[in-house]
Amino acid sequence: MNKIRVGVVGLGRLGFTHAENITSTKNASLIAVCSHSEEELKKAKEKLGVTNCFTDIKKMVETIDLDAVILVSPSNFHAEQSIYCLKKGLHVFCEKPLATTIDACKEVEKIVAENPSKVFMLGFMRRYDPSYLYAKKCIDEGKIGRPILFRGYSVDPNSAIEGALKYAAHSPGQFIDMAVHDFDLARWFLKAEPTSIYAIGGCYLHQEYKQYDDGDNVSALLKFENEAMAFIFAGRTATHGYNVETEIVGTHATLRIGSVPQKNLVEILDKEGVRKECSQSFNERFDVAFKNEIQEFIACIVEERYPEISAHDGTQASYIAEMATESFKNNILINL
Ligand SMILES: NC(=O)c1ccc[n+]([C@@H]2O[C@H](COP(=O)([O-])OP(=O)(O)OC[C@H]3O[C@@H](n4cnc5c(N)ncnc54)[C@H](O)[C@@H]3O)[C@@H](O)[C@H]2O)c1
């Protein structure tokens, strides 16, 4: 069979990883890339051997014969680029979040529904991580009883703050950028929608976030329609590395994923004592998940089926994140 011809839009902190993963994905070929950075395009040409390089997505789509695109541009472009590509007859993989406003999310959902022959997949990669998949299987098999609490911590390393601050001007905020993963996981594991949310936080180390009405560390407490609870913490200042830990407490058992976030199974015994190292970036921690989700996207196109995750899941996670942002900014409990 002919390989799925893929174009990647955005070659930054995550985009290059997706482009590289396409080159090793069965039934797919990396045909074109698009970035605003000449330096990134040069790197893609040299390291990935891609010769069709563009600074404008429309030029890429109109000039090159593609089957699918992977959108890894800044979040505020996701909706318009998804809609444009779907209308051009392309399958679309879009990084999270689906969009930065709920109206835009709903517009994407509408265009996805109007193009049923096209695969649309959203990049909530934690759903494709082997440990998260295993936890989900345990829950679905009833091994923890009734899930009553989801606890999610997602903290970026402080060593990455320079890049994060550069991104801050076009970031929709910490709840939409980071906590959106945990809002998605909470819905996935608890199998319910939230009914209320209260969020707090602040600029504890990096006052720069104040000008964007954002915090460097934020948290939220949620109640769900099935009476389950969720506590979510999203930060940017972990000194030890990239800290993603998740807990699901059930009536009969508790599951913990990465409760001591670690790079691998090696223990180091040295003058510091006995310790385990921590992953330093999302690319490192979720390396397998990023590969799995891209393989699933291509498999869905080839096998003419839809991924489990839908555009509506993207809208719901973005809606919760938007309400968390509102609660944080106005210090109010929000009934959803
Ligand atoms: N799943 C995850 O854990 C995860 C991790 C990181 C980033 N992301 C998401 O990926 C997206 C990109 O994040 P990043 O950290 O790689 O950003 P980045 O700033 O490092 O890179 C952005 C890239 O997009 C390009 N770009 C900017 N405007 C563009 C436009 N209008 N059209 C085409 N290309 C454009 C830039 O040239 C650059 O190559 C964001 O939406 C972010 O939420 C997801």
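Phe 16, Ala 19, Glu 20 and Thr 23 of helix H1 touch Lys 43, Ala 44, Lys 47 and Leu 48 of helix H2. Sorted by class, this contact between H1 and H2 has four nonpolar, one polar and three charged residues. Keep in mind as you look around that this is a predicted model.

**How H1 and H2 sit together**

- Two packed helices are described by the angle between their axes and the distance between the axes.
- For H1 (residues 15-23) and H2 (residues 38-48), the angle is about 25° and the axes are 11 Å apart.
- Angles under 35 degrees count as roughly parallel, and H1 and H2 are therefore roughly parallel to each other.
- If you look at the handedness, H1 passes H2 in a right-handed crossing.

**Helix H8 and its two partners**

- Helix H8 (residues 174-190) packs against helix H11 (residues 311-330) at an angle of about 125°, and their axes are 8 Å apart.
- What does that angle make this pair, parallel or oblique? Roughly antiparallel would need an angle over 145 degrees, and roughly perpendicular covers 65 to 115, so H8 and H11 are oblique to each other.
- The crossing of H8 and H11 is right-handed.
- On the H8 side, the contact is made by Phe 175, Ile 176, Val 180, Phe 183, Asp 184 and Arg 187.
- On the H11 side, the residues taking part include Asp 313, Gln 316, Ala 317, Ile 320 and Phe 328.
- Counted by class, the contact of H8 with H11 has nine nonpolar, three polar and four charged residues.
- H8 also meets helix H6 (residues 130-140): their axes come within 10 Å and cross at roughly 30°.
- With that angle, H6 and H8 are therefore roughly parallel to each other.
- Here Tyr 132, Leu 133, Ala 135, Lys 136 and Ile 139 of H6 meet Leu 185, Trp 188 and Phe 189 of H8.
- The contact of H6 with H8 divides into seven nonpolar residues, no polar ones and one charged residue.

**Around the ligand**

- How many residues surround the ligand? There are 28, and the closest are Leu 11, Arg 13, His 36, Glu 40 and His 78.
- Glu 40 uses its side chain, with a polar atom 2.4 Å from an oxygen atom of the ligand.
- Ser 75 also has a polar side-chain atom facing a ligand oxygen, at 2.9 Å.

- Most residues other than glycine have a negative phi, and most peptide bonds are trans.
- The peptide bond from Lys 96 to Pro 97 is cis, with omega near -10°.
- To find Pro 97, go to the loop between strand S5 (91-95) and helix H5 (102-114).
- Asp 213 is a residue other than glycine, but its phi is positive, near 60°.
- Where is Asp 213? Look in the loop between strand S8 (194-202) and strand S9 (217-224).

Technical notes:
Residues numbered from 1 in each chain as written. Predicted model: local features only at pLDDT ≥ 70, side-chain atom pairs only at ≥ 80, totals over all residues. Heavy atoms only, no water. Axes fitted to C-alpha atoms, helices over the stretch in contact; angles between N-to-C directions. Helix = DSSP H or I, 4+ residues; strand = E, 2+ residues; numbered from the N terminus. Left-handed = near helix turned anticlockwise from the far one by under 90°. Contact = heavy atoms within 4.5 Å. Nonpolar A, V, L, I, M, F, W, Y, C, P; charged D, E, K, R; others polar. Near = heavy atom within 4 Å. Polar contact = N/O pair within 3.5 Å; in protein donor to acceptor, adjacent residues only side chain to side chain.
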